[in-house]
Amino acid sequence: MNQVLKIFRREIASYFATPVAYVFIVIFLILAGAFTFYLGGVGFYERGQADLLPFFSFHPWLYLFLVPAISMRLWAEERKSGTIELLLTLPVTMFQAVLGKFLAAWAFCAIALLLTFPIWISVNYLGDPDNGVILASYLGSLLMAGGFLAIGSCISAATRNQVVAFILTVVVCFGFLLSGIPLVLDAFRGWLPQALVDAVASLSFMTHFGAISKGVLDLRDLLFFVMVIVFWLVANAIVIDLKKAD
Amino acid sequence: MIEIKNLTKQFGTLTAVKDLTFEVPEGQVLGFLGPNGAGKSTTMKMVAGFLTPTSGSISVCGFDIETHPIEAKRAMGYLPEGAPGYGEMTPSQFLNFVADVRGLSGEHRQRRCEQVIEQLHLRNVLHQSIETLSKGFRRRVGLAQALVHDPKVLILDEPTDGLDPNQKHEVRELIAHLSKDKIVVISTHILEEVEAVCDRAIIIASGRLLADATPEELEAKSIYHNAVSLAVAELDDAVEAVSQLSDVLKVEVARESRRLIAIPRAGKSPYGAIAELSRQKGWAVDELAVERGRLDEVFRQITTGTEGVGGRT
């Protein structure tokens, strides 16, 4: 765990040593704000309700493009610059390296997410929202970001080209986000038995995030995201191991 | 001690390293030679624990790299090919990070970092990001991170590539002065480097071990071993006369420097005969010298020849 922490510290410092962190955070905050107030049919004020549902309902879409922008460099850059050879010949295990880098990226997302706090202050100033639901939504949003990141990290390990990593991650994340809707399900319906189609449908990030952000903290929804993260990180370690030589 | 047994690495159908077996005892500086694509880097990557061998085993200081990778990696310092580093970090941050992961802490870490910064003259670039550094400085930062934990075993993949002659000299001095109980393995295609720092040289090509000997033994394989170089005013006479000597196989002539090189028959040393001859004839001799042998020529002969030259085992 100690080694994980050391890698974590180096990674998170590297975000703030480059413009990546600042550009990402500013864009995230602007888009999160703009979507909340201007998109979504009924605006934040017009709904007449003191909650953050309009704010959270756009998070999946924001993450769809912003999280791959973070995850694309995680391993692709290490491979391109050759530092992967340095990192993996230090006395750390593969899993410590994968976990350290993932946690740093996740913590970075958490920082961006925390910086949306003015909207929480606003809604508390304007009315009397259910802060339990808001807290649950923040938790759900963070878990969803973690899921996207784990997918992105794994895909980033498979290539040394960041653009390829970005595009593939967006596509795979899009599939996971919307696996509950006909666009995705119809692709499987023709050749998979119904039970498996249902299984695909149950992988939808949207459904699980929706449940959490309504304030229903079902252990299964939380567990779902944790499992997604674990699964993709294990895959991540395997991919690195297989593709080290190229 | 590094023990490599029957090491083989395959990439798909390509065999990069084939059945390599050798040992490196403590205190030895081993030069790893071979043409580009010979499998030098692949072997070093396997020893450093980055690539997994297809078959065979590697043990470093008694730790098998596959079953005890962490212990083995702790004992090693590794400079990968091209000396990669995290571009956005400064050498100071980078060294501290590596020292930290290597388990150095507190004052000890401080002291070790200071020491390698001194050794590699990094003081002036300590707080500049690595991506803005010149190739020579990057290489030295890479060397510094390999040395920072004072490892028993140093694996250096082309440590002087991209350095200017002065820096090359300094790095060689550094390697030569590392304490005597260390193992240093350097890969290079600069042959003078082998003469300068190595106790032993291994030549591989197409992934196979072709020669394993000291630089002197390799030089002795050269056709120029014990050749005599003679610079003389009466060049044409000298060529004529020296060619007649029984120990001389053939004579090479370099007219612009008024010099001839007498290549001896195998095992012979024509120096005495040539010295005697020039005294008898009363030539105006500018220079008369014995050559030790030419590594580059031996290298070419070994790596382009079809069969290996038996070395010491």
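Among contacts in chain B between residues at least 6 apart in sequence, what percentage join residues at least 24 apart? It's 68%, where a contact means two residues whose C-beta atoms, placed from the backbone, lie within 7 Å.

Quick housekeeping. This is a predicted model, where local features need pLDDT of at least 70 and side-chain atom pairs count only at pLDDT 80 or more, while totals for chains, interfaces and linings use all residues. Residues are numbered from 1 along each chain as its sequence is written, and chains are lettered from A and ligands numbered from 1 in the order in which they are written.

Staying with chain B: we've got 11 helices and 14 strands, which are DSSP runs numbered from the N terminus (H or I, at least four residues, for helices; E, at least two, for strands). The C-alpha atoms of chain B fill a box of roughly 75 × 45 × 35 Å along the principal axes.

Now, where the chains meet. On chain A, 19 residues are in contact with 23 residues of chain B. Helix 1 (2-17) and helix 5 (83-88) of chain A each supply at least two residues of that side of chain A, and helix 1 gives the most, with five.

Helix 1 of chain A also packs on helix 6 (residues 94-114) of chain A, at about 45° with axes 8 Å apart; axes are lines fitted to C-alpha atoms over the stretch in contact, and angles run from 0 to 180 degrees between N-to-C directions. Residues making the contact include Ile7(A) and Phe8(A) from helix 1, and Leu103(A) and Phe108(A) from helix 6.
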